[in-house]
Amino acid sequence: MALDNHFTAEVFGVSRDNPLNYVERLHVDDKLVENITRDKHIIIFGSSKQGKTCLRKHCLTDTDYILVQCQNTWDNAKLNEAILKSAGCEVEVSQTRTIEGKAKLTVKASAGFKLFGAKGQVEGGAEGEKGNKVERTSEPIELDPGDPNDLVRALQGIEFSKLIVLEDFHYLPQETQEHFAFALKTVHETSKFTFLIVAVWREENRLIVYNGDLAGRVISVDADAWTAEGLRDVIESGEALLNIRFPNAFKDSLISGSLNSVYVVQECCYKACKLHNVNQTQTEYFEFPEELDAHKLVAEVIQEQGARYSSFLTNFAAGFQDTQLEMYKWLLYPVLTSTIDELTSGLSYRQIRARIELQHPQKGSLNPGNLTQALQSVPALQAKKNIKPFVLDYDRSNLRLSVVDKGFLIWLESQDRKQLLEVTDLPIAGD
């Protein structure tokens, strides 16, 4: 039987579309599909390049949702404006001001708005009918862009019924994320609209930390849950599509050296194929040579990111501005002096404080409040420095600093730690 022909780039590596060797994971894909219809908001979280977007694309069709790509300069008003635009509304800034003095939005829908009359109330710039009558108006309405109630009214007015996907939610400013956590409760209680939030962090309940009222109203799906068996399935699914076979030793070494990063596995398989001119499905079964070196390919993939990781250390150490304590530089000290196993598990607040106090000029007199503030601002600093994807994240509920870029861990393992400490102007441990 003739095999369907596929290009290698459609199977292995990273592309805009889902790879053809996509593998469903029981406790990830099934959990997402199961909860989409439960009237609860969903959070897909995990480290960068671990398949969060692929998961969303695989489980949903394009007609199921609208997509909003979050930006690091948006406040809640800008976020709501982007949601309305993605929903199909025309949005302009109005001359009218809110009570807080901010500009309202003039919103127009191509099919008009379906307005529900309310006794003694004016809605959307048109007089409501008394009683329960429904009327349509093609006139634009004015909304307070920061008010979730106005967002709900506008979406209900155009009879919107899709899922709302907020991609790269972690890039939003901290204040915007916190405000949105409170707006989400309003949306949940006043409508049937469902949000799907995609974010790079390792904290399952971050929105609940921001707003405890969301407990029971959100479901979290961990996209980081890759096992060795799952990664082997990814490789072998690609083998079947391309009519090839990698040596077992290569697969074992690749999975072990990837630190469970599906991105690294995919890129290394792609490089191996290109190295042996496997550009598409082979007409004759092809077996790679036994000496195929997974370690070398992993090093090549990670080295391509080396300049980005070096730049991250320099930019992060500089902080928001020059300060006497240089807390952001010192936050890197426990990161650069920890083992890969410790970093994989995450560094606790106690570990971080103890290690910094051993070497910081202020020693034990270092104010814990300064350390806490710096840790909580880790995402904000990376957003300000345009570090994409994020490398570090801080879990406020568990007080734990985590590396959310597995490639950074692999890169760090191959680096001279003393040299990295010197570059960031930090003392060498033991000196």
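This is a guided tour of selected sites in the structure above.

The model is predicted, so local features are limited to pLDDT of at least 70 and side-chain atom pairs to pLDDT 80 or more, while totals for chains, interfaces and linings use all residues. Residues are numbered from 1 along each chain as its sequence is written, and side-chain values use heavy atoms, with hydrogens and water left out.

**Aromatic pairs**

Rings of Phe, Tyr and Trp (its six-membered ring) pair if their centres lie within 6.5 Å; planes under 30 degrees apart are stacked, over 60 edge-to-face, and the rest tilted. The count by this rule is 17 aromatic pairs. Select phenylalanine 169 and tryptophan 201: the ring centres are 6.2 Å apart and the planes stand at 90°, so this pair is edge-to-face. Phenylalanine 169 is in the loop between strand 10 (163-167) and helix 6 (174-190), and tryptophan 201 is in the loop between strand 11 (195-200) and helix 7 (206-210), so the pair ties together parts 32 residues apart in sequence. Helices (H or I, at least four residues) and strands (E, at least two) are DSSP runs, numbered from the N terminus. Both phenylalanine 169 and tryptophan 201 are buried; buried means under 20% relative accessible area, exposed over 50%, and partly exposed in between (1.4 Å probe, protein chains only).

Next select phenylalanine 312 and phenylalanine 408, an edge-to-face pair with 5.7 Å from centre to centre and 80° between the planes. Phenylalanine 312 belongs to helix 12 (residues 306-318) and phenylalanine 408 to helix 18 (residues 406-413), so that distant parts of the chain, 96 residues apart, are linked. Both phenylalanine 312 and phenylalanine 408 are buried.

**Charges over rings**

Select arginine 25 with tryptophan 226: the charged end of the arginine sits over the ring, 3.9 Å from its centre. A charge sits over a ring if NZ of Lys or CZ of Arg is within 6 Å of the ring centre and within 35 degrees of the ring normal. Then select lysine 388, which lies over the face of tyrosine 171 at 5.0 Å from the ring centre. Stay at lysine 388 for the backbone: its peptide bond to proline 389 is cis, with omega near -5°. Proline 389 is in the loop between helix 17 (378-384) and strand 16 (392-395). Asparagine 386 lies in the loop between helix 17 and strand 16, and its phi is near 60°, a positive value in a residue other than glycine.

Select arginine 206 in helix 7. This arginine 206 is buried, with a relative accessible area of 4%. Contact means heavy atoms within 4.5 Å; arginine 206 touches Trp201, Asp393, Tyr394 and Asp395, not counting residues up to four places away in sequence. The C-alpha atoms of arginine 206 and serine 397 are separated by 7.5 Å, although the two residues are 191 residues apart along the chain.

Move to threonine 176 in helix 6. Threonine 176 is buried, with a relative accessible area of 4%. Not counting residues up to four places away in sequence, threonine 176 touches Trp74, Asp75 and Asn76.

**Last stop**

Finish at asparagine 243, in the loop between helix 8 (228-242) and strand 13 (244-245). Asparagine 243 has a positive phi of about 60° although it is not a glycine. At 15% relative accessibility, asparagine 243 counts as buried.
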